[in-house]
Amino acid sequence: MTTSFHPDRAPRLSAGLASYLSILGYQSSPPPTWEVLVALHRRHLATVPYENLGIMLGRPPSVAVDATLDRVASQGLAGYCFHHNGVFAALLEALGFSIELRHGHVYSGAGDRADHSLNHLVVVVSDLPTDSNPTGRWWADVGLGEGFVDPLPLVDGEHRQGVFCYRLSDVTEDGWSFLHTPEGSFDGVEISHRPLEIEAAHREVASSTSFTRFLVVQRRDLTGWDSLRGCVLQRCGPEPGRTELTTYDEWRATLADRFGLHLDHVDQDELGALWDRTLAGHRAWVDARRP
């Protein structure tokens, strides 16, 4: 598909969106093409890590787009799915992409799959047909932490990206079912056209045990993802690995070097207390697994 684009008619972005676009490597507004969508998707995943730091410090960050843009610009942080996909959708729309938002429920286990509560924000991008996806509808998602590196075509069947295999089924205009790659930490996502009450869902998710148990930081790249859960650092991809972090200095260095989280803006006593809780929780988990 050929898109006519005139640089002199490029959309005017807010200061926050312009700063975010610059962080992703663009000094001016690119055209709303499939190639640009892929590039933006990859750059966000590689640049802005998924994390629950604010939640773990007792200050869940606002899901308002402007507030998230400020955090991305000043701290290099966004938060979790509502934050990441919220700002990404706002940027795409401002650049002229045709987008819609959908209700998502990330689940693990059959019982959780039947729960239809909102815990994930889904972005649909339309009007970008390709030879392999003539419908032109795509699922863009930079908020799963360990999700797909490129947008998925909204077409039933298996979709392979590198060593990972994803499956979409029951795809309609309103929703679909997603099965995650077996290497992932969750089973799938159910997408629907249910109402999006994001503020209420954020309050619920940010206080749930799955988000308050331990610090989670993830970053996706072209071949796989790095994941830090508590004291356990894992690499998932062609060359997987697992390391247990046992000292504060090692933990801080990993956050900075592996995920780009230097955390100079965080009170160091608070950070030290978070590490103490993290290490204590890890030791209790190890003890509980001993025969």
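Strand 12, residues 232-236, pairs with strand 13 in the antiparallel sense, and 4 bridges join the two. Let me say at once that this is a predicted model. Within that pairing, Arg-235 has Gly-241 of strand 13 as its bridge partner.

These two strands belong to an open sheet of 5 strands, whose order is 1-10-11-12-13 and whose pairing is antiparallel. Which strands stand at the edges of this sheet? They are strand 1 (50-51) and strand 13 (241-244); each has a single partner strand, so one side of each is left without a neighbour in the sheet.

Next, a pair of helices. Two packed helices are described by the angle between their axes and the distance between the axes. For helix 2 (residues 34-47) and helix 5 (residues 81-95), the axes come within 12 Å and cross at roughly 150°. Angles over 145 degrees count as roughly antiparallel, and helix 2 and helix 5 are therefore roughly antiparallel to each other. Their crossing is right-handed.

Let us proceed to the spaces in the model. How many cavities of 30 Å³ or more does a search of the whole structure find? The search finds 1, and the volume of the largest cavity is about 50 Å³. Its lining includes Leu-45, Val-48, Tyr-50, His-84 and Val-142, together with Gln-218, Arg-219 and Arg-220. Strand 10 (residues 216-220) gives the most to this lining, with 3 residues. By class, the lining of the largest cavity has 5 nonpolar, 3 polar and 2 charged residues.

The pockets come next. The largest pocket has a volume of about 770 Å³. It is lined by 29 residues, and those nearest its centre are Tyr-50, Val-106, Asn-119, Ser-210 and Phe-211. At least two lining residues come from each of strand 2 (98-107), helix 7 (198-206), helix 8 (209-212) and strand 10. Which of the elements gives the most to the lining of this pocket? That element is strand 2, with 3 residues. Sorted by class, the lining of the largest pocket holds 12 nonpolar, 11 polar and 6 charged residues.

The second largest pocket has a volume of about 360 Å³. Of the 17 residues that line it, Phe-214, Arg-229, Gly-230, His-282 and Trp-285 are the closest to its centre. Strand 11 (225-229), strand 12 and helix 10 (268-289) each supply at least two residues of this lining. Helix 10 accounts for the largest share, 6 residues. By class, the lining of the second largest pocket comprises 6 nonpolar, 7 polar and 4 charged residues.

Thank you for your attention.

Key: Residues are numbered from 1 along each chain as its sequence is written. This is a predicted model: local features need pLDDT of at least 70, side-chain atom pairs count only at pLDDT 80 or more; totals for chains, interfaces and linings use all residues. Side-chain values use heavy atoms; hydrogens and water are left out. Two strands pair if DSSP finds at least two bridges between them. On a 1 Å grid over the protein atoms alone, a cavity is a set of points where a 1.4 Å probe fits but cannot get out, and a pocket is an open set with protein on both sides within 12 Å along at least five of seven lines; lining residues have an atom within 4 Å of a point. Grid points are joined across faces, edges and corners, and a volume is the space filled by probe spheres set on the points. Ala, Val, Leu, Ile, Met, Phe, Trp, Tyr, Cys and Pro count as nonpolar, Asp, Glu, Lys and Arg as charged, and the others, Gly among them, as polar. Axes are lines fitted to C-alpha atoms, for helices over the stretch in contact, and angles run from 0 to 180 degrees between N-to-C directions. Angles under 35 degrees count as roughly parallel, over 145 as roughly antiparallel, 65 to 115 as roughly perpendicular and the rest as oblique. A crossing is left-handed if the near helix is turned anticlockwise from the far one by less than a right angle, and right-handed if clockwise.
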